[in-house]
Amino acid sequence: MPKIIAVALLLLVLQSTNAQSLPQNAARLVQTYNRPIQQQWKGVFSFPGGDVWFSNNFPGARVSGVARVNDSLYTLLITSENTPVNASPWYAFKVWSKRPQQIVIKLTYQQGVNHRYAPWISKNGQDWSLLTQESERDSATPDYSFHLRVGADTTWVAAQELSTSADVQRWANQVSKKAGVPVTVIGKSQWGKPINALKWGNQQSCSRILLMSRQHSPEVTGQIAQKAFVERLLENDALAKQFRQRFLVYLLPMLNPDGVDEGTWRHSAGGVDLNRDWYAFNQPETKAVQQYLQRELANTDNKLLFALDFHSTQEEIFFIVDPKQKSLLPGFSQTWIQATQQQVTDLKPVIRPLVSEGPSYTSLSYLFQTYGTETIVHELSDNSPREWLIRKSKASAVAMMQLLLNQVPE
Ligand SMILES: [Zn+2]
């Protein structure tokens, strides 16, 4: 075979393997001592003689500055809490006008950062829809412009639906009522907000699972998926009842309340990526979880069999424990993903076994190395249609309950 064809074939083979399952090296060790973050100036942006106002004065907001270019064009400067940081440029603001009119809003980011999130809008900060109006990328710059009709009624605009620590607290209270268990404060964030945990099911069971989310502030689809997943576990059908009789479930619904409410791109109020602190535990949020799990699992008969840490990125990815390394439930992740796929045939999962050697920096490597837990860092796509996301999450909850009931001896 001519050499060039052989190389082309090899590349083709490599590409097709890449699409499904690609081992990924463990996350790099980064220092997780406190680093300063830039807090936004908070208030209403107004302009001499202007009749349009912007505000970032609410939890979850992020806009660092607004410039009025002309009567109908406004440029919003969107910057991160500190650098280096992942390019997940979260923004959120309110806008209103004295008279009904159409304006153009241009989002402009700090150097090296491209626009990522298409705008969502709301009239009340609770019900959101994706803005489908004409929008354009500036081909010469990373800027992004869109048209918006504004009037005396406030319009909320955000990178994803707002889901603040107060919103998640309200939901946790509903879960508490439904499951008949308290919300326990297991620690405080850097700025003094509660880190909450709930645990329901068979309180005496040694067979335990863990669900957590929002280590990273803008990752709202992870939260939506977790919510649907939990709600399916709490239904009153025979499967969910049987599952609750056999297993104990831990839920940590909001690990980075400060970052979420400050509208950071990724980091905590301590200025660090919490999912790189599962080694040094320098940050109060991760420390609280570490100590909580140590207390809960002090009796070594208690096994943390399976953990799901919900995140978001541009596509759907399952980071799993490398199947070659034996967890408490070897191979469970892949079986579970396949079982979900049978229910949701348009799910095209990308599965990435994480090489989990050496010190553990992330939730996945920590839980696996400390407790042998079959752990998944589950990345949901920013752009998944929400109805699909909810349907898929419920199907995956059913698959997990069925498989665990079948595989784990009583
Ligand atoms: Zn994340």
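This is a predicted model: local features need pLDDT of at least 70, side-chain atom pairs count only at pLDDT 80 or more; totals for chains, interfaces and linings use all residues.
The largest cavity holds about 50 Å³ of space, where a volume is the space filled by probe spheres set on grid points joined across faces, edges and corners. Residues are numbered from 1 along each chain as its sequence is written, and side-chain values use heavy atoms, with hydrogens and water left out.The structure has one cavity of 30 Å³ or more (on a 1 Å grid over the protein atoms alone, a set of points where a 1.4 Å probe fits but cannot get out; lining residues have an atom within 4 Å of a point). Among the residues lining the largest cavity are Trp90, Leu162, Arg214 and Val260. By class, that lining comprises four nonpolar, six polar and one charged residues, with Gly counted as polar and Asp, Glu, Lys and Arg as charged.

On to the domains: an automatic or database assignment gives domain 1 (44-158) and domain 2 (165-407), with 32 Å between their C-alpha centres. Contact (heavy atoms within 4.5 Å) involves 22 residues of domain 1 and 18 residues of domain 2. About 1,600 Å² is buried between the two, with carbon and sulfur atoms giving 51%; this is accessible area (1.4 Å probe) lost on putting the parts together, summed over both. On the domain 1 side, Glu81, Trp90 and Arg116 lose the most area to domain 2, together 33% of what that side buries.

Two salt bridges (side-chain nitrogen of Lys or Arg within 4 Å of a carboxyl oxygen of Asp or Glu) are counted between the domains. Arg116 and Asp382 meet in a salt bridge through their side chains, at 2.9 Å from N to O.

Notes. On a 1 Å grid over the protein atoms alone, a cavity is a set of points where a 1.4 Å probe fits but cannot get out, and a pocket is an open set with protein on both sides within 12 Å along at least five of seven lines; lining residues have an atom within 4 Å of a point.
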